[in-house]
Amino acid sequence: MKNVERQTDRGAAIKIENLGKSFGDFQALRNVTLTVAQGERIVICGPSGSGKSTLIRTINRLEQHQTGRIVVEGTELTNDLKGIEKIRSEVGMVFQHFNLFPHLTVLENCTLAPIWVRKLPREEAKETAMHFLRKVRIPEQAGKYPGQLSGGQQQRVAIARALCMRPRIMLFDEPTSALDPEMIKEVLDTIIGLANEGMTMVCVTHEMGFAQAVADRVVFMDGGQIVEENVPAAFFSSPRNERTKLFLSQILGQ
Amino acid sequence: MADTASNTIARTAGPDMRSLLRRLAPFFGTPLNAALTVVLLWLMARFGWLLLDWAVLKAAIFPAEPETCVGKTGACWSFVIAKSGQILFGIYPPTERWRAGLVCVLIITTLVASARPSAWRPSLGLVWVAMMVVVLWLMGGGFGLAAVPTSSWGGLPVTLILTVFAIGLGFPAAILLALGRRSNLPVVRTLSVLFIETIRGLPLLSLLLVASILLPLFLPEALLPDKFVRALIALTIFAAAYLAEVLRGGLQSIPSGQSEAAEALGLGYWKTQRLIILPQAIRIVIPALTNTIIVMIKNTSLVLVVGLFDLISSGKAALSDPAWPAPSTETFLFIGLIYFALAFSFARFADFLERSGAEKRG
């Protein structure tokens with residue numbers, strides 16, 4: 001209950017109410033309700049096909065919802081294009097497969113949106129980009145192309161690229177699932193660094209250690225629904241739902 | 001057997017000799033290869049000699065007068081030299097030929113200046129528009145120059161103008177068509193598909209004939225564009241439909257994650273296409289684009305069926321001069337060389353673009 005109070009105190013960053021979405025006959029999301037407070041860090045987990053990626057992608061409208069409503073930073077997501085572009089420039093997203101632009105250098109990847117969307121002068125965009133590249137600890141790679149970097153480096157560039165827009169919310173869609181094991185830590189450390197600065201974030205991940213370390217709340221999804229949500233300590237030590245228990249036992253190998 | 005023999009020689013010979021033998025091995029390594037090599041060398045020597053004999057040794061070159069060719073069994077180059085002005089510029093008024101020549105220089109200079117990727121800025125588009133305006137002024141006259149109607153245009157400038165305008169206007173149209181065909185808007189998509197499939201289903205020749213013969217029957221004179229313009233429109237929409245399909249192939253090969261990432265950053269549809277999708281898609285289809293564009297360069301020669309004087313029709317007109325023996329082989333070789341120079345330099349340019357892209361991304 002303490003949690004709920006804090007949300008109302010600080011105002012909601014994301015408010016999702018009774019969300020529903022289907023792809024043809026497949027019901028990807030049913031009746032999902034979730035509120036994310038300013039500065040809150042949410043980890044969403046669940047088996048594949050549970051709708052967690054779809055849910056996070058509806059927040060910046062890469063997927064359109066069919067029923068229910070989403071309000072992001074006070075703006076409701078509708079078909080109004082202006083509203084969508086405004087929200088997208090305030091919500092950063094990091095993808096499983098990085099999705100860097102291969103024909104642009106690391107620096108250009110980071111300055112593109114600030115220049116074309118935020119209308120920042122070129123020099124200022126460059127300074128911002130270098131600031132965030134230093135933050136993800138790869139300023140020396142600024143002149144290289146994404147294809148010349150390792151997976152972990154690429155994902156850190158992707159994080160820097162999103163941060164260059166100075167977003168108020170960051171969405172991470174399985175940011176470490178496509179990485180070789182030895183590179184997972186460098187990316188998670190970068191995300192933990194961000195979390196410690198108070199960025200609002202929603203992260204879909206299977207990294208339960210990470211969830212335990214940074215999440216304010218863990219949300220477990222299955223079959224397009226939120227099955228259980230709780231603070232990490234309680235979520236991991238005493239899951240209430242059978243499906244949560246099964247999932248945790250599978251993923252933690254217990 | 002032969003292989004072991006050459007190996008034995010290679011082992012006993014010095015290092016220079018050995019590398020020479022290694023290089024010769026593909027040609028003489030086996031009895032079959034050796035036989036093929038000998039036969040091909042003989043054929044090359046035989047036809048090479050015939051060509052040299054005809055084109056140079058027995059050729060009539062100077063002075064550039066009809067008498068030079070009389071009694072010669074070789075090529076009659078003096079005709080090509082004497083008639084080069086007419087072949088290159090067709091029936092363009094001889095006193096104004098400098099204008100047509102300047103147009104060729106202008107177009108080729110602009111093409112060469114646009115070749116380096118570092119020159120590709122928005123301002124280059126303005127340079128092209130300015131070049132096109134100046135070209136039309138020089139060719140057509142007005143504003144201080146004697147007017148020359150399009151019916152008097154001819155030769156290389158016509159070929160260059162048709163090529164550059166048809167591709168220059170057709171390429172942006174092709175981009176819109178290719179994007180339209182992948183659009184989520186049903187009306188846009190249907191119209192794009194309809195246009196592309198209709199044009200692709202028709203031979204270029206029939207398009208040109210429709211533009212030059214049928215349109216005048218339907219349209220009142222006042223609304224009817226010039227014959228040259230009608231042919232240009234036909235070439236342009238033909239180029240647009242074909243280039244659109246080539247581009248669509250490129251667009252389809254870009255993973256959806258690219259546009260998702262761009263849109264997630266707040267870039268709208270057009271900026272996403274322009275900055276992220278098209279640069280990658282176009283680079284992927286450079287070989288196919290090159291092919292289509294080279295075909296288009298040569299397609300411009302079809303305008304002769306609607307009575308425009310491109311290079312080939314100018315050549316044919318020059319050949320009809322009764323004062324000369326009509327050395328058509330020499331004339332068409334000359335014209336063929338011009339086409340080859342255009343198509344080959346474009347192919348080399350495309351090759352350079354492809355390689356520069358590959359190096360960049362490691």
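So, how far apart are the end C-alpha atoms of residues 201-219 of chain B, and how much of the span is helix? Keep in mind that this is a predicted model. The ends lie 24 Å apart, and the span is 84% helix with 0% strand. UniProt, in an unreviewed entry, lists residues 201-219 of chain B as a transmembrane region, and residues 24-45 are listed under that heading too. For residues 24-45 of chain B, the end C-alpha atoms are 19 Å apart, with 91% helix and again 0% strand.

Now, the two chains together. Chain A puts 25 residues into the contact and chain B puts in 20. Between them they bury about 2,000 Å², and 63% of that is on carbon and sulfur atoms.

Last stop, the second largest pocket. There's about 1,300 Å³ of space in there. It has 34 lining residues, and the closest to the centre are B:S183, B:N184, B:E263, B:Y269 and B:Q273. The elements giving two or more residues to the lining are α3 (81-90) from chain A, plus α8 (156-181), α12 (256-264) and α13 (269-284) from chain B. Of these, α13(B) gives the most, with 5 residues. And what's the lining made of? We get 16 nonpolar, 10 polar and 8 charged residues.

That's my tour, thanks.

Note on methods: Residues are numbered from 1 along each chain as its sequence is written. Chains are lettered from A and ligands numbered from 1 in the order in which they are written. This is a predicted model: local features need pLDDT of at least 70, side-chain atom pairs count only at pLDDT 80 or more; totals for chains, interfaces and linings use all residues. Side-chain values use heavy atoms; hydrogens and water are left out. On a 1 Å grid over the protein atoms alone, a cavity is a set of points where a 1.4 Å probe fits but cannot get out, and a pocket is an open set with protein on both sides within 12 Å along at least five of seven lines; lining residues have an atom within 4 Å of a point. Grid points are joined across faces, edges and corners, and a volume is the space filled by probe spheres set on the points. Helices (H or I, at least four residues) and strands (E, at least two) are DSSP runs, numbered from the N terminus. Ala, Val, Leu, Ile, Met, Phe, Trp, Tyr, Cys and Pro count as nonpolar, Asp, Glu, Lys and Arg as charged, and the others, Gly among them, as polar. UniProt positions are given in the numbering used here, feature names are shortened, and annotations may be inferred rather than shown by experiment. Contact means heavy atoms within 4.5 Å. Buried area is the accessible area (1.4 Å probe) that two parts lose on being put together, summed over both.
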